[in-house]
Amino acid sequence: QDGIVIPAQKLLLVPTFRNVPNYKAAMSSFMPYDKEVIDDKMTYSVQGADDFPYELSKKYSQEYRQVLSTLIAERFLIRNKFCDSFQNGGEVTKEMLNSNLDKVFDIWNELIGHRTLGISDNNNLEISFVDNASGEKKVYEAYKMSDGERIILYLVGRVVLAPKNSLIVVDEPEIYLHKTIVN
């Protein structure tokens, strides 16, 4: 309960969402997943055409979904509470809108200054940048991110979701990262 291990994740499949995840459901799904250490020290035979351990790869690919759905759901919940409070005449401040996903955006955007991570109107992550040649603003969806961009989002998301004052062990933090970002 005092820490988490963030594995050297190499299967970074960024999902898109058709609807906003429910925060309680997303968190109740993420919490046990966050505590589980996946034992991937295994081998498989190449004699059969279908001998690859698909269950393990499926489990790894779900981790990004778990992290992102929890972050998006929490952001939606916070903004919904803010709107309810405002609509009911309660006292509201801009700081009340800050969610863990907003912290992730701030950190990611500071690390990668020439690109901006945000969320689209349909609640999917997107990256915007100014094209040097044309000067136009361009946008691409998060599933098209580079491996370095994906790992930063994954690591920052996991750290932000970690329990307060916990020990965080990051296995191979330099994987896919440019040397200037590793520190």
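This is a predicted model: local features need pLDDT of at least 70, side-chain atom pairs count only at pLDDT 80 or more; totals for chains, interfaces and linings use all residues.
I started with Arg115 and Glu149, whose side chains meet in a salt bridge, 3.4 Å from N to O. Arg115 sits in the loop between helix 3 (100–111) and strand 2, while Glu149 is in helix 4, so the pair ties together parts that are 34 residues apart in sequence. I checked the cover on both: Arg115 is buried, and Glu149 is buried too.

**Other salt bridges**

How many salt bridges are there by the rule I used? The count comes to five.

Next I looked up Arg158 and Glu63, which form a salt bridge with N and O 2.3 Å apart. Why does this pair tie together parts 95 residues apart in sequence? Arg158 belongs to helix 4 and Glu63 to helix 2, so the link runs between those two helices. Both of these residues, Arg158 and Glu63, are buried.

Then I went to Asp131 and Lys138, where the closest N and O atoms of the salt bridge are 3.6 Å apart. Are the two partners buried or partly exposed? Asp131 counts as buried because its relative accessible area is 17%, under the 20% cut-off. Lys138 has 33%, so I put it down as partly exposed.

I also noted a network of salt bridges that links Arg75, Arg79 and Asp102.

**Helix 4**

Helix 4 covers residues 147–161, 15 residues in total. From its first C-alpha to its last I get 21 Å, close to the 21 Å expected at 1.5 Å a residue. How many of its residues are buried? I count 13 of the 15, and helix 4 is mostly covered.

**Ser69 in helix 2**

I moved to helix 2 (residues 54–87), which holds Ser69. Ser69 is buried because its relative accessibility is 6%. What does its side chain have for a polar neighbour? A polar atom of the Ser69 side chain lies 3.3 Å from the backbone oxygen of Gln66. Residues three or four places apart in an α-helix point the same way, because there are 3.6 residues a turn. Leaving out residues up to four places away in sequence, I find Ser69 touching Phe17, Pro21 and Ala26.

**Positive phi**

Asn123 has a positive one, near 65°. I found Asn123 in the loop between strand 2 (116–119) and strand 3 (125–130). Its relative accessibility is 22%, so Asn123 goes down as partly exposed.

Asn165 also has a positive phi, near 60°. Where is Asn165? It is in the loop between helix 4 and strand 5. Asn165 counts as exposed because its relative accessible area is 82%, over the 50% cut-off.

**Surface patch**

Last, I checked the surface for nonpolar groups. Val5, Leu167 and Val169 form a nonpolar patch there, and together they have about 270 Å² of accessible area. Val169 is in strand 5 (residues 167–170). At 40% relative accessibility, I list Val169 as partly exposed.

Definitions and conventions:
Residues are numbered from 1 along each chain as its sequence is written. Side-chain values use heavy atoms; hydrogens and water are left out. Patches are made of residues with over 30% relative accessible area and no salt bridge: like charges are joined within 9 Å, nonpolar side chains (Val, Leu, Ile, Met, Phe, Trp, Tyr) within 5 Å. Accessible areas come from the Shrake-Rupley method with a 1.4 Å probe; for residues, only the protein chains shown count as cover. A salt bridge is a side-chain nitrogen of Lys or Arg within 4 Å of a carboxyl oxygen of Asp or Glu. Helices (H or I, at least four residues) and strands (E, at least two) are DSSP runs, numbered from the N terminus. Buried means under 20% relative accessible area, exposed over 50%, partly exposed in between (1.4 Å probe, protein chains only). A polar contact is a pair of N or O atoms within 3.5 Å; within protein, one must be able to donate a hydrogen and the other to accept it, and residues adjacent in sequence count only if both atoms are side-chain atoms. Contact means heavy atoms within 4.5 Å. The expected span of a helix is 1.5 Å times one less than its number of residues.
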